[in-house]
Amino acid sequence: MPFSAADHEFMAHALQLAERGLYTTTPNPRVGCVIVSDGAVVGAGWHERAGGPHAEIVALRAAGDAARGATLYVTLEPCHHHGRTPPCDEAVIAAGFRRVVIALRDPDPRTAGQGIARLRQAGIEVESGVLESAARELNIGFVSRLTRGRPWVRVKLAASLDGGTTGGDRRWITGEAARRDGQRWRARACAVLTGSGTVRADDPQLNVRDIETPRQPLRVVVASRLAIPPAARVLEGGALVVCADAAPEKIAALRAGGAEVITLPDARGRVDLTALMAELGRREINELHVEAGATLSGALLQADLVDELLLYFAPCVLGSGARGMFELPDASGVRHDLKMQEIRMVGNDLRMLARLERK
């Protein structure tokens, strides 16, 4: 049965509401809900943060008795399980809805179609799939974690038009607008990842600035031998440091400064990046934002752990002396194909969003 223009309109409204939780819902999904009776919105809401009421509950409180016999539009299947809050499918049934329209089925195996089945058993007409791709995009990290056991990995890089990331006498390659835009991507992530080389060279904070957000993403540092100073700014306030092998006194020094240190070695004595992604998945990290140098960025790409590239190109040329974006082995015939998602200007810089194409 095709969806009506009204279905698309009300679900688009619900998606706009869901987006308000872009910086706050982690590790939960971003969900919006609209309740419609006789063609008019009588209740609406979105999920703001984990432990708080889900979007359906917020909308139900706004609608009150007007929900009976109405249609509920929700961007994600109502949950069927007890978590931080009670299951939403029970509340939807108790409210007496005639019809429920869902954008995306919940990938969480604790619900995964069971919410829809329960609503139908209660005699409610249920349809799903309207604006599904938009709902999936909004929760791309949540879907990744629930289906693959690891976060959605986005590597952010700033470079000259000839691909140089370092060189010249300027601290910043891109302009202020691009740097501010990068803060928004950092703010929506659950964690920010960098390497020991970047920490030593730039001493970054990797926190969210200039963007209003009630939380800071977890900061993660890959440092195989813990070659980072205990006073590094990225460690202020706590961070997760991942090593392969390090002297006990180095580990003790970082822990004394408030960092959490874990050891995940691979067969070559480096950090096992695949195991790290699984560990971050267990820690409920949905979106991982990588701001690292060519070595770590290249290692993630080589390990097939990169999902998306967020590239900012400045209108300048740094020449052959500048370091490139990825350090990769010279493997004949190996290429990484990309699918462009978006190309736009941000200030005077060019922003490209591209996804790795996997065969």
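User: How many helices and strands does the protein chain have in this model?
Analyst: The model is a predicted one. The protein chain has 11 helices and 14 strands.

User: What makes the radius of gyration of the protein chain agree with that of a compact globule?
Analyst: For 359 residues the globule rule gives a value near 21 Å, and the protein chain has 23 Å, so the two agree. Along the principal axes, the C-alpha atoms fill a box of roughly 65 × 45 × 40 Å. Of the 359 residues, 51% count as buried. Among contacts with a separation of 6 or more, 70% are between residues 24 or more positions apart.

User: Why is Cys-33 called buried?
Analyst: Its relative accessible area is 0%, and buried means under 20%, so Cys-33 is buried.

User: Where is Cys-33 found, and which residues does it touch?
Analyst: Cys-33 is found in strand β1, residues 32-37. Leaving out residues up to four places away in sequence, Cys-33 touches Ala-14, Leu-17, Gly-43, Ala-44, Gly-45, Ala-55, Glu-56, Ala-59, Leu-72, Tyr-73 and Val-74. One of these, Gly-45, is the bridge partner of Cys-33 in β2.

User: Why is the pair of Phe-10 and Tyr-73 called tilted?
Analyst: The count comes to one aromatic pair. In the pair of Phe-10 and Tyr-73, the centres are 5.4 Å apart and the planes make 40 degrees. Centres must lie within 6.5 Å for rings to pair, and planes under 30 degrees apart count as stacked, over 60 as edge-to-face and the rest as tilted. The value of 40 degrees falls in the remaining range, so the pair is tilted.

User: What does the pair of Phe-10 and Tyr-73 tie together?
Analyst: Phe-10 lies in helix α1 (residues 5-18) and Tyr-73 in strand β3 (residues 71-76), so the pair ties together parts that are 63 residues apart in sequence.

User: Are Phe-10 and Tyr-73 buried or exposed?
Analyst: Phe-10 has a relative accessible area of 10% and Tyr-73 one of 4%. Both values are under 20%, so Phe-10 and Tyr-73 are buried.

User: What is the peptide bond from Thr-26 to Pro-27, and where does Pro-27 lie?
Analyst: The bond is cis, with omega near 5 degrees. Pro-27 lies in the loop between α1 and β1.

User: What is the phi of Leu-131 and of Glu-284?
Analyst: Leu-131 has a positive phi of about 55 degrees although it is not a glycine. Glu-284, also a residue other than glycine, has a positive phi near 65 degrees. Leu-131 is in the loop between β5 and α5 (132-138), and Glu-284 in the loop between α10 (273-282) and β11 (287-290).

User: Why are Leu-131 and Glu-284 called partly exposed?
Analyst: Partly exposed is what lies between buried, under 20%, and exposed, over 50%. Leu-131 has 27%, so it is partly exposed. Glu-284 has 32% and therefore counts as partly exposed too.

User: Where does Thr-213 lie, and with which residues is it in contact?
Analyst: Thr-213 lies in the loop between α8 (196-202) and β8 (218-222). Neighbours within four places in sequence aside, Thr-213 is in contact with Tyr-23 and Val-208. Thr-213 and Phe-10 are 203 residues apart in sequence and 27 Å apart in space, C-alpha to C-alpha.

Note on methods:
Residues numbered from 1 in each chain as written. Predicted model: local features only at pLDDT ≥ 70, side-chain atom pairs only at ≥ 80, totals over all residues. Heavy atoms only, no water. Helix = DSSP H or I, 4+ residues; strand = E, 2+ residues; numbered from the N terminus. Buried < 20%, exposed > 50% of the residue type's maximum accessible area, 1.4 Å probe, protein only. Contact = heavy atoms within 4.5 Å. Phe/Tyr/Trp six-rings, centres within 6.5 Å; stacked < 30°, edge-to-face > 60°. Pairing = 2+ DSSP bridges. Rg over C-alpha atoms; globule rule 2.2 N^0.38 Å.
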